[in-house]
Structure formats: C-alpha cells, structure tokens
Amino acid sequence: MVETLNFRSLQKNIKSEKSMQPGISSYTYTWAIGVPGKEPENPMTIFQLIEKAAELGVSVVQVADNLPLDRFSETELLKIRNFANNLNIQIEVGSKKMTDENLVRYIEFASFFESPIVRFVIDGEDFQPGLEEIHTIIKNALPLLEENKIILSIENHDRFKAAEFVGMVEKAESNFVGICLDSVNSMGAGEGLETVIEKLAPLTVNLHVKEFSVKRVFHKMGFIIEGCPLGKGMLPVDELIQKVSPRCMSAILEQWTPPEETIEATIEKEARWAEISIKYLKDTLINQ
C-alpha cells in the first residue's frame, strides 16, 4: 500500500507538476451523441468528438457513459487510441454503475488509453449501493489502481451529500482515490455550490465545468435550473478553478443545453455554446 496522501494539508503547499488542462467530454455534445428518444439521424462518433477537441485547441477528451467504451471491439479501441495519439489528444476514461466488475473493466480501459484517471458515477441501472458497499468496492479496487497508477475519480452525483463523498475518499486512505467535482450535480441533493466547493475542492482530481442559471418560474412558485454558455451564468469559474486541489489534472466542459424545437437546431446551439465556453475556459486557465 502506498503512503497515504493528505489532500487537505497539501492543498496550499504543493504546486502541481502539470497545469490543469482544458478539455471536452462526450457530455459536452450530449444531444449530438444522442439523448434516448431524441437521437439525431447521424450521431456524433467518438472520432468526431476527438476531432472536435483538436478543432477547439484542447488536448483532453473525457469519454463518459453516454459513449461507453465497452461497446467497442478491441480493434476499434486500438483505432481510437491511435487516432487520438495522432492528434495529440489525451483520452480520459469515464463510466457509471461502479460495481466491482465494471470498475475493474474501466481501470483496464484507462490503462489501455494511458488515462491518468477513471471517472465514475456510482449509480447505474438497478444499482444504487449503500455507503458500506461503496467503501468495500473502492477497497477491492485499490491494488489495481495503485499498480496501474490510475486515480479513481468519484463524481458527486445527486444521491449523496458532499460529506459522504468526502468519507469515500478519506476511508480509502490512498493517493489513488479522489473526487470528480461537478459544479451543478449536488443541487439535486439540496446542496449549493458553496458547500460543494468547501468540502470537495481539496479532494478534486478532475473538474467538470458546467455553467448554469437559476430563474424563477412565471407564477413565482419555484425555480428552473438550466445550462448556459460558460461565463454567461452564475458559476464562479475563477473561484472554482482556484480552490480545487493542485492535483486536479483537467477542467472538462460539460453542458446542460436546453433543447430547441428540432434536434438539428439543438445540436447547432450545443456546438455554438461549446465554442463560446471553451474560449472562456481557456482564457480563465491562462489568467490563473
């Protein structure tokens, strides 16, 4: 077992060996890749997603569970890796449903792509483990994570509170378990961004930058939370980037793009927002 790293004590004292890199995700282009029931005629492929990263001038693509790597054959995976390498794009591996089997499978994918992290949403179809089961799953995976020098990056989703995600990392007692901090998800657990940043930023190894706005509905009895281009909403991007752990390797743009009347118009808006947002993200990182 490697020596335990205290994320919190190192936050102010350690400078990262590598600066935080901007990137895109398969959840940057959710509509283009395909929302169930609203699939486009020609969904975006993983190769087009990698090309898009090169077009936008970013060096990281996080391939998440809406474009699952386990659907590709070994030959296809090799083509994907070679294609990304030729464009100098780093693939980050992500998935959901963190069973023992699925975690092992995606650690292997991460090793294949030389991904420094494997990002996981814990829950999945017919799988909502309790905290003790989660601790056991993480403990079981530690030898493989440590052997391959891959960090398990657990995303704050809306079933658990921030303090419970902190417990998952601290109980693991390993350098190779951290947080994927999503800037909006925890609102579904009734927690605001201030709480999430305070508790999870020191443990963050991967950041999901997702802009949002909060608007009161016309009858004044409630609010709507939805996405918007980065820098046009309520997300304190500068503060978020400044407060995450120096170990945070990438800032990945994700988008909650409200749909238009047609899927074509929605995809066009999603692409336009991505261009605006990536420019804002790159400028913000440069000015840190």
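This is a predicted model: local features need pLDDT of at least 70, side-chain atom pairs count only at pLDDT 80 or more; totals for chains, interfaces and linings use all residues.
Helices (H or I, at least four residues) and strands (E, at least two residues) are DSSP runs, numbered from the N terminus. Residues are numbered from 1 along each chain as its sequence is written, and side-chain values use heavy atoms, with hydrogens and water left out.

**Helix 6**

Helix 6 covers residues 131-148 and has 18 residues. From its first C-alpha to its last it reaches 25 Å, close to the 26 Å expected at 1.5 Å a residue; the expected span is 1.5 Å times one less than the number of residues. Helix 6 has a kink of about 40° at L142, shortly before the proline P143. The bend at a residue is the angle between axes fitted to the seven residues ending there and the seven starting there. After helix 6 comes K149, with a positive phi near 55°.

Buried means under 20% relative accessible area, exposed means over 50%, and partly exposed lies in between (1.4 Å probe, protein chains only). In helix 6 the buried residues are I134, H135, I137, I138, A141, L142, L145 and E146. These buried residues pack against helix 5 (100-113), strand 4 (117-121), strand 5 (151-155), helix 7 (162-172) and strand 6. Contact here means heavy atoms within 4.5 Å.

**Helix pairs**

Axes are lines fitted to C-alpha atoms, for helices over the stretch in contact, and angles run from 0 to 180 degrees between N-to-C directions. Angles under 35 degrees count as roughly parallel, over 145 as roughly antiparallel, 65 to 115 as roughly perpendicular, and the rest as oblique.

The axes of helix 5 and helix 6 come within 10 Å and cross at roughly 15°. The two helices, helix 5 and helix 6, are therefore roughly parallel to each other. Their contact is made by D100, L103, V104, I107 and S111 of helix 5 and by I137, N140, A141, L144, L145 and N148 of helix 6.

Helix 4 (74-86) also packs against helix 5, at an angle of about 45° and with the axes 10 Å apart. Helix 4 and helix 5 are therefore oblique to each other. On the helix 4 side this contact uses L77, L78, I80 and R81, and on the helix 5 side F109, F112 and F113.

**Residues in loops**

| Residue | Relative accessible area | Class |
|---|---|---|
| S186 | 1% | buried |
| V244 | 5% | buried |
| G231 | 37% | partly exposed |
| Q128 | 58% | exposed |
| D126 | 78% | exposed |

The contacts given below leave aside neighbours within four places in sequence.

S186 sits in the loop between strand 6 (177-182) and helix 8 (193-200). The contacts of S186 are N156, E191 and V196.

V244 belongs to the loop between helix 9 and strand 10 (250-253). It touches M20, A201, T204 and L207. V244 and I197 are 47 residues apart along the chain, and their C-alpha atoms are separated by 7.7 Å.

G231 is in the loop between strand 9 (223-227) and helix 9 (237-243). It is in contact with E211 and Y280. G231 and R81 are 150 residues apart along the chain, with their C-alpha atoms separated by 33 Å.

Q128 is placed in the loop between strand 4 and helix 6. Its contacts are D123 and R159. Q128 and M98 are 30 residues apart in sequence and 9.2 Å apart in space, C-alpha to C-alpha.

D126 lies in the loop between strand 4 and helix 6.

**Positive phi**

Most residues other than glycine have a negative phi. D126 has a positive phi of about 60° although it is not a glycine. N88 likewise has a positive phi of about 60° and is not a glycine. The position of N88 is in the loop between helix 4 and strand 3 (90-96), and N88 is exposed, with a relative accessible area of 64%.
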